[in-house]
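Subject: Structure handover

Hello,

Here is the structure for your files. My notes on what was found in it follow below.

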Amino acid sequence: MDKNFQEEFTQIIKFKPPLYKQRHQFVKDLVEKYKPKKVADLGCADCSLLRMLKFCSCIEVLAGLDICANVMKEKMYTLSPLPVDYLQPSERSLTITLHHGSVAHKDPCMLGFDLVTCIELIEHLEEPELKKFPEVVFGFMAPSIVVISTPNSEFNPLLPGVMLYRHPDHKFEWNQAQFQSWALETARCYDYSVEFTGVGHPPTGMEKAGFCTQIGVFTRKNPQTGKSVQSEKPAEAVYKTVFKAVYPSLKDEKYLQNAVISEVIFTAQIIKHRLMSKHEEYGNDPERKSKFQPSMDCFSDCLGKLVVEKNMEPFVSGNEVHIPLATIFSFPKVNRLCGTFEKLCKLIAGKVTLSSDGSAVMFNIEHENEDN
């Protein structure tokens, strides 16, 4: 390549967004495409990729592994649930765990994952570790998909200040042919296919340099592959768990009950408010009050149109307002949370004031007026 042409690009090449964000986005796009439930990030370092992936709604289990516990501990608090997660629990379950250990060792806690990511990891491995790496990841863990990214040494001349390797801890950096040769042989040995791509496009006219970061996406050919290996898993764990967070979820009966009770009371209060507003329009005429049976149409402007039966209409009786549970159950959010009317009744039993026959949420207007 022409030296002057090369020097020109070493001065101006910049990646937008930054290269690490492009790598993370690549993984996120893959997650959105294949919808894995269990994802492990080997060499998770500061947990930045895990922080992005925890918002992917398909993922229920996230695990990180790194040889340096201190680096993980600096940022692991960012993986903890926030107050809003308890106020509004997700419909999915999510558990995040961080482990301290080497990718050259097998541990049963890393079995059963759908997707394993190794982003800018292998170039940090010493030769003995690199030799063990394929057996641990592809033979023992045997996930459906493995993503491996590593620097492309052919791109290095375009990067300002890079003399030999991009990072002082790198033990090697492969060119495209070297990485593809290693990846193809690994895929052949463990019955995977592999596709090559990357992030960080080269400047116009320098396409032969390839991507700044080269990526191999490995897909297991036979879904049964690895079962016999996994049956020989070690009896004892070799990794040390340094962090674990279990997010509040509506799959947990406790959080589901709280959510249902809150939604039932909220819905009933809105219906009651609309009912009483309409009720007051009739003034103090006893005859007109006794004939008042509002239809659900009067609530349609703020609650959406609902088709209901006559026995689902809320009503006022003396100092009591009755909001039928059947009416509340017909509201989309309540319906989605409970699934069945029987589940609704079970979850609110003893937690919400009901009529004597248990068919309606009941409010005492007289007590409310006294409070006011």
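A pocket is worked out on a 1 Å grid over the protein atoms alone: it is an open set of points with protein on both sides within 12 Å along at least five of seven lines, whereas a cavity is a set of points where a 1.4 Å probe fits but cannot get out, and lining residues have an atom within 4 Å of a point. Grid points are joined across faces, edges and corners, and a volume is the space filled by probe spheres set on the points.

This is a predicted model, in which local features need pLDDT of at least 70, side-chain atom pairs count only at pLDDT 80 or more, and totals for chains, interfaces and linings use all residues. Residues are numbered from 1 along each chain as its sequence is written, and side-chain values use heavy atoms, with hydrogens and water left out.

Two or more lining residues come from each of helix 5 (83-87), helix 9 (253-280) and helix 13 (332-338); helices (H or I, at least four residues) and strands (E, at least two) are DSSP runs, numbered from the N terminus. Helix 9 gives the most, with five residues. Domain 1 (19-247) and domain 2 (253-280 + 299-364) both contribute to this lining, so the second largest pocket lies between them. The domain bounds come from an automatic or database domain assignment.

The largest pocket has about 760 Å³ of space. Of its 30 lining residues, Gly43, Ala45, Ile119, Glu120 and His124 are the closest to its centre. Helix 2 (19-34), helix 3 (48-53) and strand 2 (61-66) each give two or more residues to that lining, and the largest share, three residues, is from helix 2. By class, the lining has 13 nonpolar, eight polar and nine charged residues (nonpolar: Ala, Val, Leu, Ile, Met, Phe, Trp, Tyr, Cys and Pro; charged: Asp, Glu, Lys and Arg; polar: the others, Gly among them).

Strands

Strand 5 (residues 145-151) has seven of seven residues buried, so it is largely enclosed by the rest of the structure. Buried means under 20% relative accessible area, exposed over 50%, and partly exposed in between (1.4 Å probe, protein chains only). Ile145, Val147, Ser149 and Pro151 point one way from strand 5, while Val146, Ile148 and Thr150 point the other way. Strand 4 (residues 115-119) runs parallel to strand 5 and is joined to it by five bridges; Val116 has Val146 as its bridge partner.

Elsewhere, three strands form an open sheet in the order 9-10-11, with antiparallel pairing (two strands pair if DSSP finds at least two bridges between them). Strand 9 (315-317) and strand 11 (360-364) are the edge strands, each pairing on one side only. Strand 9 and strand 10 (residues 320-324) are joined by three bridges, and Val316 stands opposite Val321.

Backbone

Most residues other than glycine have a negative phi, and most peptide bonds are trans. Lys16 and Pro17 are joined by a cis peptide bond, with omega about -5°. Lys35 has a positive phi, near 55°, and is exposed at 52% relative accessible area. Asp191 also has a positive phi, about 60°, in the loop between helix 7 (176-189) and strand 6 (192-199); Asp191 counts as partly exposed at 31%.

Regards
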